[in-house]
Every structure is written in structure tokens, then in C-alpha cells.
Amino acid sequence: MIKIKFTVNSEEREIVTEPTRTLLSILREELGLTGTKEGCGKGECGACTVIMDGKPVPSCLVLACQLDGCEITTIEGLSENGNLDPLQKAFIEEGAVQCGFCIPGMIMSAKALLMRNPSPTEDEIKEAISGNLCRCTGYTKIVKAIEKAAKMIIHHG
Amino acid sequence: MKVYNPKNIKEALTYLGGKDTHILAGGTDLIVRIKDRDIYPKSIVNIKMLHLDYIKINGDFIKVGALTSVETLYRSEIINTYAPVLSDAVGKMGSPQIRNLGTIGGNIANASPAADTVPPLFVLNAGITLKSRRGKRAVAIGEFFTGPGENIIERDEFITEVVFKKMESDEVWFFKKLGQRKALTIAKISLAFGGRLSGRKLNEVSIALGAVASTVIYAKRTADFLNSKRLTRDVIDVVSKIIQKEIEPITDIRSTVEYRRKMAGALLKQGLLDIMYSVIARQS
Ligand SMILES: Cc1cc2nc3c(=O)[nH]c(=O)nc-3n(C[C@H](O)[C@H](O)[C@H](O)COP(=O)(O)OP(=O)(O)OC[C@H]3O[C@@H](n4cnc5c(N)ncnc54)[C@H](O)[C@@H]3O)c2cc1C
Ligand code: FES
Ligand code: FES
């Protein structure tokens, strides 16, 4: 067992756990943050994407022993004081969600993109979500929603 | 499973040497293999804290720390300017998520014949620096691999650095990769090309192919044929046949011998035609 100290959604956390436990399992089973989904468990589908130190990563391939001192943001960390993030609003408004299983990961990839590049091109958006599989939507509305969110952020800060 | 989290290289080296001891860098290969029950490590040495994440210019050379992520390479101005053939290849790897975790050291050590950083590193004639308690040694990338998943790293060693010469302005290059789809795809075949061009004449040609043999390989005969040749349509047609004769690909789940042979010719032809046309455009 090891003790790790890290930040999840701006909150300091200290947990004692197996060093080989995945971040995904810590988030869902230890911290009750079940917004992050497990699809393939092998880095292929992107359903488990979270932001680690500013970058999107598959939480199914990050181990506890790699977490000390890291800053993690999950889908639960996006809304502020009950207000949804522009990405969340745009996904709802554009009808970009069907079954919803891929959406938390999709939004975290999009969030990491907008943090780095506030006005991405369509190609840059497609590149940013190229590691996120969606079995339902066909992606068109997802890309539209991300474009819309980028505009919302630029216009309203 | 015991996990060590060394704080410096010296400490890390004290944990290496055991039979079922594995190094953990980004984990994108290792963790998948553990989950697939392909390996059962007794201990893991997590090298994240070793400060091996850097890209430096040192005179005519570029030094890349083993723990530098694929995404850092992709976004690096230094790599983009002085090793564009590597820059292009890392842009075609995995997904953004995988690129953020995956490291150059892990891609090399994993020794997949389809590893995307490797053909460009062949063309750059990179040196791999290995450290152990016994000392330090450097091995040319062309002598590093011995089979699929196999390399010359001893149990008590690990990769600390990758070193290669800056590419110069008279050097031409390309990297081509074919897979099932654009993102998240393991190469069915990949080809990296480098050489010097004066006017339309090629020299110091180097060609490396991924996923056509048990390791990444040089296409030496094909490269020799191109040396001191003027780039013309005829030369390009001939050389795209020579490469098909030189390689001995295999059929596997991803592709067939016939496809790989044909595509080796096609990729080389496409790349060389692009170079020829851009020279012609510049000259007129
Ligand atoms: C979904 C997915 C898509 C992928 N797509 C691609 C792709 O398009 N192209 C491609 O080339 N690869 C791809 N990969 C494979 C993998 O991401 C890369 O090979 C990556 O660069 C491995 O680096 P890592 O740091 O994650 O390695 P790890 O998993 O940490 O290590 C890999 C192996 O190397 C050893 N090792 C690691 N670092 C060192 C070191 N410094 N010295 C000695 N041994 C070391 C480990 O013990 C292990 O055996 C993909 C993987 C996944 C899961
Ligand atoms: S569950 Fe992590 S990438 Fe699929
Ligand atoms: S909405 Fe169902 S997988 Fe994307």
C-alpha cells in the first residue's frame, strides 16, 4: 500500500491504496466520481479520459504510483456553483448526446483542447477527439457543440 | 507486485536486474500487457521521477530524455526544426491521450516492429544511451533490435537518452504510414526516408521500414541504388521495384505479403515524386 496526495477537481485528496490500482478505479470506487466511464480498459476508446496536469489522459492506464502531486480534473469538476460549463451547455443545446456513455470523456478531451487553444478549427477539433469513440452520434453534432462552446467562451469569457 | 518509486537514476539502478522486474514509463504498453495477462511482473520500477523529460540542443546534436512524451516531441519546436521526420511520425501516433502518456523510451524499449518513432530514428541514425550499475554505453538504433519485442537491453540496464544529429537544410525526408484508419492505428507498413539533395541529385540516402519484418529494418540496397542518382521519373519507377524485391514481409492479422510489398513501392514512389516536384517547382 502507498499513500498518495493529489488534487481532484481543486480538492486536496490523500488516499492509501495499492500502487498498481488505476486512476479510473480510484475515481469511481474510492472517490465516488462515477462520471468517468470505463469502456475498453486499454487506452483505445477514450471513455475514461480525465485531465491530468492540463493534459487529457486515459485514466484506465494511469496507476496510483504515478499520481503523487498531480492535478486531476474530471467531468464532475467542470460546473461551477451549479452552472454548467459552456461545453456541457453546448452539448445539450446541439443534441450531441445520445446514450451518453462516451460524453464525459469526449467533453474532457474538448476541454483540454479549449484550455490550450480557445478558437480551434474543425480539423483541430476532430484531431482532439480522435481518441474518443462514439457508437451513437456519428460525431457531427459533437464537433458542432465544441465549436459552439468555443464561441460561447470567447463571447462571454 | 512490488512497486519502486526511485527519486534518481542511481537509486533506480539498484532495483534493476531481477528476471520479472519491469520498468514503468508511460505505461501504455506495459499496463495493457499486464491487464492482458501477457506478463506477470514481480516488481515494477516507476521511472517517472527521474527528470528524464527534456529536449536539448548540444552543438550539432539533439538529446532527448527517455521519459519525454510523444506529445512533447510532437509540440517541440526543436524537433520540428531539426528532426522533422520524427516530428511527422509522432503526429501520426495513437491518440492525444496516448501521446500524452507514451514516451520515446517506452516506444523504443517495447521493440514493436511497428513502433512509429523507430523508422525516423533509424534514418536519423540515433544513438541510444543505456545506463546500469556497471556504467554507461551507447548503441546505434540499427543494432538495437533483435526480434519482435526483443532488444539488446540487459536486465540491469535502462534507456536514459536518445541522441541524434540535427538535420541540415539540404536534407530531404518523408515519413509514410498506412493503417486501418487515421487515429489509433498500428502501422501495416511505415516508411521513413532521409537523404541529401544537391540540385536534383541524391546522396547519403537512408530508408527504414516498419512492420514488414520482425524488427524495423533498413532498406540498404534500395538506398544504395539512389545514391548519386538524379531524381527522375524513370529512376523513381525503377527504385520502387527494387524496394519490393529487397524486403521480405510476412502475412499477419494486419496485412499480407503482397500488400506490404506493393505498398513499400508505392510509399517510396509517392514520397520521391513529391520531392522531385518540389525541386522542379523551386527551380522554375
Ligand atoms: C490505444 C493505443 C494506441 C497506440 N498507438 C500507437 C501508435 O500509433 N504507434 C506506436 O508506435 N505505438 C502506439 N502504441 C503503443 C505505445 O503507446 C507506445 O509504444 C509508447 O511510446 C510506449 O511508451 P510508454 O512510456 O507508455 O511505455 P511503457 O508501457 O511504460 O513501457 C513499454 C516497455 O518498455 C519498457 N521501458 C519503458 N521505458 C524504458 C526505458 N527508459 N528503458 C528501458 N525500458 C523501458 C517497459 O518496461 C515496457 O516493457 C499505442 C498504445 C495504445 C494503448
Ligand atoms: S476505458 Fe480507458 S480508454 Fe477505454
Ligand atoms: S452517445 Fe452513445 S457512445 Fe457516444
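This is a predicted model: local features need pLDDT of at least 70, side-chain atom pairs count only at pLDDT 80 or more; totals for chains, interfaces and linings use all residues.
1. Extent of the contact. Chain A contributes 29 residues to the contact and chain B contributes 25. The size of an interface is often given as the accessible area lost when the parts come together. For this pair of chains the buried area is about 2200 Å², and 58% of that comes from carbon and sulfur atoms. On the chain B side, 25% of the area buried against chain A is supplied by B:Lys35, B:Gln97 and B:Leu101, more than by any other three residues.

2. Polar and charged pairing. Between chain B and chain A, 11 residue pairs are in polar contact, counting pairs with both residues at pLDDT 80 or more. The interface of the two chains also holds 2 salt bridges. One of these joins the side chains of B:Asp36 and A:Lys42, with an N to O distance of 2.6 Å.

3. Elements on the chain B side. Three elements of chain B each give two or more residues to the side that touches chain A: helix 2 (30-35), strand 3 (43-46) and helix 6 (96-101). Helix 6 of chain B provides the largest share, 6 residues. Sorted by class, the side of chain B that touches chain A has 12 nonpolar, 7 polar and 6 charged residues.

4. The largest cavity contains about 50 Å³ of space. Its lining draws on both chains: chain B gives B:Ser95 and B:Gln97, while the residues from chain A include A:Cys40, A:Cys45, A:Cys48 and A:Cys60. Also among the lining residues are A:Gly43, A:Glu44, A:Gly46, A:Pro58 and A:Gly131. By class, the lining of the largest cavity comprises 5 nonpolar, 5 polar and 1 charged residues.

Note on methods:
Residues are numbered from 1 along each chain as its sequence is written. Chains are lettered from A and ligands numbered from 1 in the order in which they are written. Side-chain values use heavy atoms; hydrogens and water are left out. Contact means heavy atoms within 4.5 Å. Buried area is the accessible area (1.4 Å probe) that two parts lose on being put together, summed over both. A salt bridge is a side-chain nitrogen of Lys or Arg within 4 Å of a carboxyl oxygen of Asp or Glu. A polar contact is a pair of N or O atoms within 3.5 Å; within protein, one must be able to donate a hydrogen and the other to accept it, and residues adjacent in sequence count only if both atoms are side-chain atoms. Helices (H or I, at least four residues) and strands (E, at least two) are DSSP runs, numbered from the N terminus. Ala, Val, Leu, Ile, Met, Phe, Trp, Tyr, Cys and Pro count as nonpolar, Asp, Glu, Lys and Arg as charged, and the others, Gly among them, as polar. On a 1 Å grid over the protein atoms alone, a cavity is a set of points where a 1.4 Å probe fits but cannot get out, and a pocket is an open set with protein on both sides within 12 Å along at least five of seven lines; lining residues have an atom within 4 Å of a point. Grid points are joined across faces, edges and corners, and a volume is the space filled by probe spheres set on the points.
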